[in-house]
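The following report describes selected local features of a protein model with its ligands. The sequence and structure are shown first.

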Amino acid sequence: MTQTPEHILKVCYGYDSFRPMQREIIQSMLDCQDSLVLMPTGGGKSICFQIPALMLPGTAVVVSPLISLMKDQVEALRSNGISAEALNSNNDDCVNAAIKRRCETGEIKLLYTSPERLLADLEWLYDNVEVSFFAIDEAHCISQWGHDFRPEYTRLSVLRRRFPECPVMALTATADKLTKTDIVDRLELRGGNMFISSFDRPNLSLDVRRGYTASDKMRLIRSIISRHPGDSGIIYCMSRKTTESVAYKLQSAGVTAGVYHAGLSADQRNRVQEDFINDRIDVVVATIAFGMGIDKSNVRYVIHYNLPRSIESFYQEIGRGGRDSLPAETVLFYNLQDLITLRSFADDSGQQEINLEKLRRMQEYAEAQVCRRRILLNYFGETSDRDCCNCDVCRTPPVRFDGTVLVQKALSAIRRTDEKIGFRLTVEILRGACTTEIIERGYDRIKTYGAGRDVSYRDWNDYLLQMLQMGFIEIAYDEDRHLKVTSLGEEVLFGRRRVELAVISHDYTRDRSQLRQGKKSTANRSAGTVSAGILFADLNADTEDHILFERLRTLRREIADESRVPAFVVMSDKTLHALAASKPRSVEAFGDSYGIGEHKRDAYGPRFVSLINDYLDETGNKS
Ligand code: ADP
Ligand code: ZN
C-alpha cells in the first residue's frame, strides 16, 4: 500500500487531521476486522469507511436505508473525484446494468445500495464482484429497540454466511445499550470491536425558553433569522396547523419559508426538501417527519416551537444543525400547554409507560437548573465533569429568592376552590381577573382572589411550573387536569417548609431589543453562543472579509446550479469562511485550504482564485 490514510485525507478531502477515533476505525478495517461505530450525526462516520474503500482492492458495498442519503453521499464523493455509484430502484434498468458492469471490472470503489436491493443482488455480487467489505449505515434500523426499525435490515445477517471472509462495519448515530448488542448479534459481528465516540456536539448552543406566548416566540424566531441572513434553519412544531401558521407569519415578514408535514403529498414534500437542500428557501417549518435523510451541512439554527416528546428525538433533530462543525443555535420553547398535550398523547399511545417516562425525561431537561449539555450527555450514558458554557443555564445561572409566600398564595387558591381548577384559572384568581367564569363560580369571593395581583400572568405561570417541578402540586390528568396540592405542598401551605424559587429572567425583553436592532452584529452573535467567539476565532474571524464571503457564496451557488448538486457538496461553509479569511491568490494556495482536495482544487480553483484576485484588485488589494 503506497498511500496512507493521512495522505488520502489530505489529497481527496482537503483535511489535515483525523477526528478522534476515525484513524483507529479505519485501521481496524484495514486489518480486516468487524466493527461497530457509534458517532453522533455530523461526527464524520462516512470517512471511516470511504478511506479504507479507497485503499483496499475491490469494491466496498455500503448499505443505506434512504435513496436521498445515498444520492448526497455519492455526489459528495464524486465532487472529490472518487468513483462511487448507487444502485437503486430510481435508476432505470440500463443505468443499473451499466453500474454493475463497472463494479465487475473493479472501477467503482464504493457501491451504495438499499438493503432490499442488496439482498436481491447478493448472488450477482458473490459471483462477479471483489467485495472489499460491507458498511451498514444507520445500523440501528436493524433493531426493534431502535427508533426506526426496518424489517428488511434484519435479513442482512445473511451477509455473514454468504461472505464469511468479508469484514463488516456497522455505523449509527443513535443506539442505546440494547440496540448496540442487537446490532452485534444480528450482524454476527466478530471480535467485539466497538468505537463509541463522544456524543457531545459542542458547536450547538442549547437554549430553553419557558412560558413564551406565541408572539414572544415569533419575535425571538425573527431575531434569530435576522442574525443569520441567507443561512438555513429548521423550525419543528407539534402540529401541522402550527407549521402552517408559523410559516405564514414568516413569509409575511419576508422570510423564504416552506412547510413540511405528513399531510402534504409526496411531491410537495420532495419539493420543499429539494428547495431547502439547494438553498432556495432558508427556513423549513416542519413536524417531526422532516429531516431523516437530510445531509445538509450548513443548517445554522434549529428551533423547537413546541416541546419534543423525547430526548432522543430532540437530540436527533438539533443534530441536523451545524454538521459542518461551525456554531449553530438551538432553541427549545417550553410551556405547560405543550406538556399537557404531550401527556395526553403518551397516555393514549400503545406504549404508555415508556412514552410517559421519555416525556418525563424531556421535561426534566427543559426545566433543568443545571448545565443542559451535561443532562444530555448523561442521558446517552456519557458523563461530563464540567459545565459546557454554551447553554443558557451556564450563561445565566439561576438566582433564587425566598418564594414561600408566593407559593402559599397559589396553594391556598387551589385549596379554596376545592382543587377544581387548572393552571389558567389559578392564575386568573391570583391576579383578580374579572371574568364571567370567575363571577359565576363565586371565585371572586375567596380570600386569595387578587392576592397575587403584583405578579404578572407570565411569571405566575412560571412559578406554578416550578411548583410542579418541585412537587408541591400535581396535575390530575383524569380530572380535567385540575391541580391538586400534594402532601409536600401542604407542608408549605401550613408554614412548616420554606421554598426557594428561581428568579425568572426576562430575557424576552432582550430578544425584543435585538430584533429592533434587526441586523447581524458580532455582539449579537456572541450573545447567542458563547463558544461562537472561540470557534470563529479558529477561522480567523478578524481577517475574514464579509463582502468577499458573500461573493464566494454566490459563486458556489452558480457552480452548484451548473453541476446540479447542492451547494454544500461543492464546498462547505467552513471552507468558504477559510477562503474569505486567507484570500488565496493562486490555485496552489487555494488547494491548501481547508476542505479542498486535489480534485476540487483543479475543478474550482481557477474560478475562485480569479474572483478573489478581481475582488482584491477592486478593493485596492488591502489584504
Ligand atoms: P456523519 O455521517 O457522521 O453524520 P459525515 O461523514 O457526513 O458525518 O461528516 C460530517 C462533516 O464532517 C462532513 O462535511 C465531513 O466532510 C466532515 N469531516 C469528516 N471528517 C473530517 C475531518 N477529519 N476533518 C474535517 N472535517 C471532517
Ligand atoms: Zn452548559
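In strand E16 (residues 482–485), the side chains of His482 and Lys484 point one way and those of Leu483 and Val485 the other, and all are buried (under 20% relative accessible area, 1.4 Å probe, protein chains only). In a regular strand the side chains alternate between the two faces of the sheet. E16 pairs in the antiparallel sense with strand E15 (residues 473–476) over four bridges; pairing requires at least two DSSP bridges, and strands are DSSP runs of at least two residues, helices of at least four, numbered from the N terminus. Val485 is the bridge partner of Ile473.

This is a predicted model, in which local features need pLDDT of at least 70 and side-chain atom pairs pLDDT 80 or more, whereas totals for chains, interfaces and linings use all residues. Side-chain values use heavy atoms, without hydrogens and water.

Cys371 lies in the loop between helices H16 (352–367) and H17 (372–379) and Cys391 in the loop between H17 and H18 (392–395), so the pair ties together parts 20 residues apart in sequence. Both Cys371 and Cys391 are buried.

| Residue | Ligand 1 atom | Distance |
|---|---|---|
| Arg19 | oxygen | 3.2 Å |
| Lys45 | oxygen | 2.9 Å |
| Tyr594 | nitrogen | 3.2 Å |

Conventions:
Residues numbered from 1 in each chain as written. Chains lettered and ligands numbered in written order. Buried < 20%, exposed > 50% of the residue type's maximum accessible area, 1.4 Å probe, protein only. Polar contact = N/O pair within 3.5 Å; in protein donor to acceptor, adjacent residues only side chain to side chain.
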